[in-house]
Amino acid sequence: MAPFYTNRLLIIAYIATRYVLFPHLLKMFNAEQMMLQYIDVLFNTPFISYKTLKECILFTQFKNNGSNLNQMPLYVSLFANIPEQLHFYMFAIIDVLTLLYFLRLDLSHFVSTSLKTKFWIYTLNPLTFLGLIMQTQFVFTQFFIIVALYYCLNYKANKNGIYKAAISIAMATYLDIYNIGLSLVCLNFFITLKQKKQYAICFISALTSMYGVSYLINPNFIDNVILSSVLFKEQYPNIGLWWYFFTEMFQEYRNFFKFVFNGYCYIFVIPIFLRFKSYPLQAAMILFTWITMFKPYPTVGELGFILTAFVSWFDMNVIENKLIMGLLVMHSLVLLPVFYHLWITVGSGNSNFFYAMTLVYVIGLALVLLGMIKSLLYKEYITINCDDDNNEDSTSGKKLNLVCV
Amino acid sequence: MSLLLTLINRVVESGLIWKILKILPIISKLLLVISVALIFGIVPMDGSFRNTYISENALMPNQAYSQFRETEWNIVRGFRNEISSLNIWNLDVRNRIVRNWLDDFGLETDLYQTDFDSPFSKGLKSEVLYGVLNGQRCDGTEAMLIAAPWYNSENSYNVGGVSVAVALTKFFTNWPVWSKNIILVIPETPGVDLRAWVESYHKDLKITGGSIESAMILDYAMDSDSFDHLDVEYIGLNGGLPNLDMVNTAIHVAEHEGVKVSINGMHSFSKPSHEFKNRLEHIAVGLQKMAFAGLEPLKGHEAFSGWRIQAITLKAVGHGGGSDITTFGRIPEAVTRSVNNLLEKFHQSFFFYLLLSPKLFVSIANYIPAAILLSVAYAAMSIHAILKTGLLTSNDKFIDIQSIEAFVIYVVTLAVSILYRQFVAFIQNNHLSTQQQGKFILILQIFFVFTSYRVYVPKSKTKSLIQAMAFMHFSLALTLLLALNFGLCFGMGVLAYPMALAVEKNISKLKQRLFLLISNPFIAIFFMYSFTQDKWSWNLFNLMISSWDNIGCWTWPVVSSSWLVSWILVVISCNGEDEAADEPKKAKQD
């Protein structure tokens, strides 16, 4: 019984510190105001920030034409029915569920990351935690992606696993249209044609029904959320690569470049779908990273998810440039808010400083992507070539280890 | 591309990476040396600096004839007589008399009451007189500011400054050329109350005149008709500098009027800029002022940093030189005329620069590599420490009890360092004199170095991890500061470096403790500050905290949340066990 009680005690302590103590401490030091002042640009976009959510709730209560609401109607109506003091706890519940599904998502045949390690990786990830504190919509998106991946991976063990997977990936897509590519990659999880059909039909019907309900609630969401996200109508500086181009571009060229950038974002969906057929989970992460690099409104919360997944789902021992990757990502994360502050608040810097840092940040992300792909290709090579001979496997692993710092 | 690939393969095959990883501490030292050499050797060298120039064409300094001449002489003298006789009255009476004059000129005037309540300033009350002259051609969205404190930074009565400011305002009312409002501010001192006024101006002040483009603080604390030379001070709080165009305009105008100009109180006119030594001296003093901004007596322009206001202090130094008091008035006049021409806010020219003489400068691209190299030097030490743990090379489990221990120590240290302020406040409440407080804090640091190993001794893996975190924390802090406050970043990086020497492998205990002591933030800053001020400044720590409370100077929070954290962690890790298990891991790497 003793370990049972200590475990329970640990869990209570964990929940108390993460969801009660730290938020209260931050509130005590008035950190929320500071966060909104300095790191708002990293975590929030008009489509996921808590501030716009509150605006939307206000609009739905007092003036129900919803002319400029930047959040999805179902999401807004969920929070409109919860008292405002409890909003944070809604996010906290989703965060706990994310952690549970993340821990249950077991990949023992691929990498040997223990349960405890995974727990600490998720818990100590500051980006995920700050995203939770700032109550961004990405908390939800991340939850649905992880749930979808979990059910896709374990669809045989779970009753109705396929439907659950399809519905959660549809939810993720509903919250952020750019996740639609993941639905294709997740098709690889299922073996028989029947399962694939079930998955596809369920996904499409779930998504259409959600859009249908949303249309009944507030038909403006097509213009205000989906189209303005895809066509980059809300021009705010963010950590993506798009905004800088459109600040100076002539009107005539805009549509062309919006098409090209979106195309670039989606150009690798089918190649990744075909190439990594036997590793759909990792393929989904690779696609997610690629899209995060090139989508119009990325946030650092996505980087938090990518890093968590990268460390726990990929074989870290074969990945090169771990140090450079880490240093690049860390230093760019430190410098991004500084240059934003110099540009917007102090006025001594300018937008070029900030954009240069976003380029560095994307290079860091690209290195993470390369690491993912390398780890996967190496795994594939080992399974194809050295599967019958275990000794050879271990020696080649050692040889490669020499380079991988 | 294939050439690059071959190169990389060659590097990998020859094991160069491992060789580099083994000599990381040496590389780190080398980077420090390069960084210091870059600032004090290469930047002042011929070829890396440029002559200053006016980048914004609209400024046109001295293109208009300055009118504040002999005709105004008697007016200035009249005001000066009145103002010097006001010296016996207290602030209240002085402000009311001057306010009557300003009302007569047609300014909108008001009095602003400042009121502080902080443990370090004990309810400082003061009153700021200000007035707005509405420009005839302006729409009220922009303003130029002239301020003259009653008492200057050396606490002497600023007779000349106030009388020139008042006379100038009277003179400005006669002219129909102003396309921006002109604001006259007369605070009691150029420090806290001026800052409070500026803060209130951007929040809830009764009379405002639009966004302030430029600010000039006039400091002429003499009764004499002539002064020797003009001193231009420009380095603001938190590394904020005014646009180089503004400084250039002031210097250009002053030289045009035949006044000898110096910057940062360095008597630059007597130091020819073609000598290497003089340029080096200017850089060193500039960096020191940037690092200690807010801790030295406030000149006035510091009050304006953080609101996109280009502020400088014009200070007349020395009795009875070649230039008379109206010449001193013509300088703000011409600068105001120049700024008046601007159609856009200051955006040309440079915001990040170091001046090597009044007419020479280096821009950010030439000196920022020094700060980057410093940051890399600490990152290298951090990587060195990570490699010692073997986390990157072996398949050991990353998360075990020792790494959690290291993480907990890091968090606790961070909390302790941030709460250090409360601790200093606690000492202050215990009826010690300022001198005793300063000494107490310093003795506490020594005490910590020599006794902390009795309390807690980390295991070898924890030790390396703590070290890695300490240096990475400091490296990140330096990266954060490098564009914000180069002087502070560079100073901290260099002064804290003995910390990296203390963690070397075969170092004697005594030497290690010595390195730790001289890299302690309080001790290092105290000695550096006392050295630059030429006296033992025991009140430094109180000053740091009170300047954070009252004028928002970042030095205390920055030092306590970066340097202090790293230092405490390094001290703890130096107490740790030696790595007995280090050798087998090395073998594994090979």
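A crossing of two helices counts as right-handed if the near helix is turned clockwise from the far one by less than a right angle, and as left-handed if the turn is anticlockwise. In this predicted model, H7(A) passes H18(A) in a right-handed crossing. Helix H7 (residues 115-123) of chain A packs against helix H18 (residues 300-313) of chain A at an angle of about 165 degrees, the axes being 10 Å apart; because angles over 145 degrees count as roughly antiparallel, H7(A) is described as roughly antiparallel to H18(A). On the side of H7(A), the contact is made by Lys118(A), Ile121(A) and Tyr122(A), and on the side of H18(A) by Thr308(A), Val311(A) and Ser312(A). These residues divide into three nonpolar, two polar and one charged.

For chain A, the unreviewed UniProt entry lists several spans under "transmembrane region", among them residues 6-26 and 323-346. The table describes these two spans.

| Span | Distance between end C-alpha atoms | Helix and strand content |
|---|---|---|
| Residues 6-26 of chain A | 28 Å | 100% helix, 0% strand |
| Residues 323-346 of chain A | 33 Å | 100% helix, 0% strand |

Chain B is assigned domain 1 (16-44 + 365-589) and domain 2 (57-358), and the C-alpha centres of these domains of chain B lie 40 Å apart. In chain B, 28 residues of domain 1 are in contact with 26 residues of domain 2. Of the side of domain 1 of chain B that touches domain 2 of chain B, the largest share, nine residues, comes from H20(B), and the residues of that side divide into 17 nonpolar, 10 polar and one charged.

Technical notes. Residues are numbered from 1 along each chain as its sequence is written. Chains are lettered from A and ligands numbered from 1 in the order in which they are written. This is a predicted model: local features need pLDDT of at least 70, side-chain atom pairs count only at pLDDT 80 or more; totals for chains, interfaces and linings use all residues. Domain bounds come from an automatic or database domain assignment. Two residues are in contact if their C-beta atoms, placed from the backbone, lie within 7 Å. Helices (H or I, at least four residues) and strands (E, at least two) are DSSP runs, numbered from the N terminus. Ala, Val, Leu, Ile, Met, Phe, Trp, Tyr, Cys and Pro count as nonpolar, Asp, Glu, Lys and Arg as charged, and the others, Gly among them, as polar. UniProt positions are given in the numbering used here, feature names are shortened, and annotations may be inferred rather than shown by experiment. Axes are lines fitted to C-alpha atoms, for helices over the stretch in contact, and angles run from 0 to 180 degrees between N-to-C directions. Angles under 35 degrees count as roughly parallel, over 145 as roughly antiparallel, 65 to 115 as roughly perpendicular and the rest as oblique.
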